[in-house]
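My notebook is open and the model is loaded. I'll jot things down as I look them up.

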There are 2 protein chains.
Amino acid sequence: MKILIVEDETALSESIAEYLSKQEYHCDVAGNFHQAIDQIEYDDYDCILLDITLPDGDGLKILEQLKEDKKTDGVLIISAKNSLDDKIKGLDLGADDYLSKPFHLSELNARIAAIIRRKNFEGNNIIQFEHLCIDTQKKLVTVEKNPVELTKKEYELLLYFVANKKRLVSKEAIAEHLWGNEMSGGFDFIYTHIKNLRKKLMDAGDADYIKSVYGMGYKFTTQ
Amino acid sequence: MKILIVEDETALSESIAEYLSKQEYHCDVAGNFHQAIDQIEYDDYDCILLDITLPDGDGLKILEQLKEDKKTDGVLIISAKNSLDDKIKGLDLGADDYLSKPFHLSELNARIAAIIRRKNFEGNNIIQFEHLCIDTQKKLVTVEKNPVELTKKEYELLLYFVANKKRLVSKEAIAEHLWGNEMSGGFDFIYTHIKNLRKKLMDAGDADYIKSVYGMGYKFTTQ
DNA sequence: CGAGCTCTTCAGCATTCCTTCAGAATCATT
DNA sequence: AATGATTCTGAAGGAATGCTGAAGAGCTCG
């Protein structure tokens, strides 16, 4: 579960990040408007904590941007402005919830849990990424509505990629995740599995989701 | 790790510098208001030890200056004035911590370690410098929001430059850092890597961050 | 036990990157 | 301006990494 914290007061964002990290969330912090836009552009988050009062651009503008990209799911607004007006504006723009400063971390935690629960329930165990669709209950994978038949390892590999979509993952990380760091020789089997997964996905649609990064690893993304 | 010590009592500043140097910190000393301002302007520090009671200007003024430049991160105030009033003033102006004279060097060390740890945690994901943005987790580099694809060595080189931004770095230092002082011939590979890195950064944005200083080395900075 | 599938190993090939080098360009000094 | 030192550039060989297809090993199920 990845959470983006958009907050200019470093003391606050830090303590939130520290607290949430202990709750097994993976946190990124953006301290200003531009960082936030960049992060949102390059990664997908399960939940975004958004401070409306940022120094270099109104947090509401970020929300507008998110609305354009249809990514407003899971946005929780944090703000010192607890006027009804702001609250309405925020929720109008598609935010999921609203929390006024100051707040207890435990309450924040509860709200986040609620948002994520709702998102998961809504998504009904179906993970979607571009034209790729994974039904984790039926273990059914489709690309552009064409079914893709994967082996167990290929399926696990795909899930790992999707869970870390748009992120660079090293071969070591993949190996550790799929084989539990019992590695004998080199990374030959990873090459083979990736080759096979790639082929199956490209046969179904014709986009190569798996990008190789020389000397670094792989990145599951578009283009 | 670079630390600036702003302190007029040379006996004290010297013993601090000596102690911290042994802890693998790189120390600069400023003995008065103007020296401090110059140093801060010229270089970036991971931590600034600031004595409030300076002869030619109040240390708090330095803090105000730092606040204007938004560089108050990592400031540790040292002062004989241990009144609550001064403490509050200092922390209000954005200082991270406050230490009253006299103090044990070991305590100073602990506080510095805490500050640097916190700063690193903060900067965990994103390093930003002008229009350059480096996400160290995703290993994603952007200039003016354009992604820049770097090779391993180029990426390491960039990280080294950014870690020593605004500082003159010699070819020898770069070589030692990237190749671990196993050098065969001249510095031809550095030339090549810098050329390539420069080209990629300038293709993405159009500012040359890497300034060559004839006979000295390089400086990563603007203009 | 053996057919069918999956996982792993391996060797050869392809790609990308690192380094080297020579010549051109730049700079400081005379 | 001329000189020598330093830096930049583009091209090319070699090293490292990744990809591919095929074949063997392991597993499951009738």
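Predicted model: local features only at pLDDT ≥ 70, side-chain atom pairs only at ≥ 80, totals over all residues.

**Chain A, overall.** I began with burial: of the 223 residues in chain A, 28% are buried. I call a residue buried if 20 or more other C-beta atoms lie within 10 Å of its own, with the C-beta atoms placed from the backbone. Residues are numbered from 1 along each chain as its sequence is written, while chains are lettered from A and ligands numbered from 1 in the order in which they are written.

I then looked up the secondary structure, and chain A has eight helices and twelve strands. These are DSSP runs numbered from the N terminus: helices are H or I with at least four residues, strands are E with at least two. I also checked contacts, meaning residue pairs whose C-beta atoms, placed from the backbone, lie within 7 Å. Of those in chain A that link residues at least 6 apart in sequence, 56% join residues at least 24 apart.

**The parallel sheet in chain B.** Here I found an open sheet of five strands, ordered S2-S1-S3-S4-S5, with parallel pairing. Two strands pair if DSSP finds at least two bridges between them. S2 (26–30) and S5 (97–100) of chain B are the edge strands with a single partner strand each, so one side of each has no neighbour in the sheet. On average, neighbouring strands are turned by 20° against each other, direction ignored.

Leu76(B) has Asp97(B) in S5(B) as its bridge partner.

Next, the helices over this sheet. H1 (residues 10–22) of chain B lies across S1 (2–6), S2 and S3 (47–51) of chain B, at about 170° to S2(B). H2 (residues 33–42) of chain B lies across S1 and S2 of chain B, at about 140° to S2(B). For these angles, axes are lines fitted to C-alpha atoms (for helices over the stretch in contact), and values run from 0 to 180 degrees between N-to-C directions.

**The antiparallel strands in chain B.** S12 (residues 217–220) of chain B pairs antiparallel with S10 (residues 168–169) of chain B over two bridges. S11 (residues 210–213) of chain B also runs antiparallel to S12(B), with four bridges. I noted that Lys219(B) in S12(B) stands opposite Leu168(B) and opposite Lys211(B). S11(B) and S12(B) make a hairpin with three residues between them, and Gly215(B) in the turn has a positive phi of about 80°.

**Where the chains meet.** I get 14 residues of chain B in contact with twelve residues of chain A. On the chain B side, H5(B) gives the most, with three residues.

For DNA strand D I listed 16 residues, with Lys195(A), Ser212(A), Tyr191(B), Lys195(B) and Ser212(B) nearest. H8 of chain A and H8 of chain B each supply at least two residues there.

Technical notes. Contact = placed C-beta atoms within 7 Å. Near = placed C-beta within 6 Å. Buried ≥ 20, exposed ≤ 12 C-beta atoms within 10 Å, placed from the backbone.
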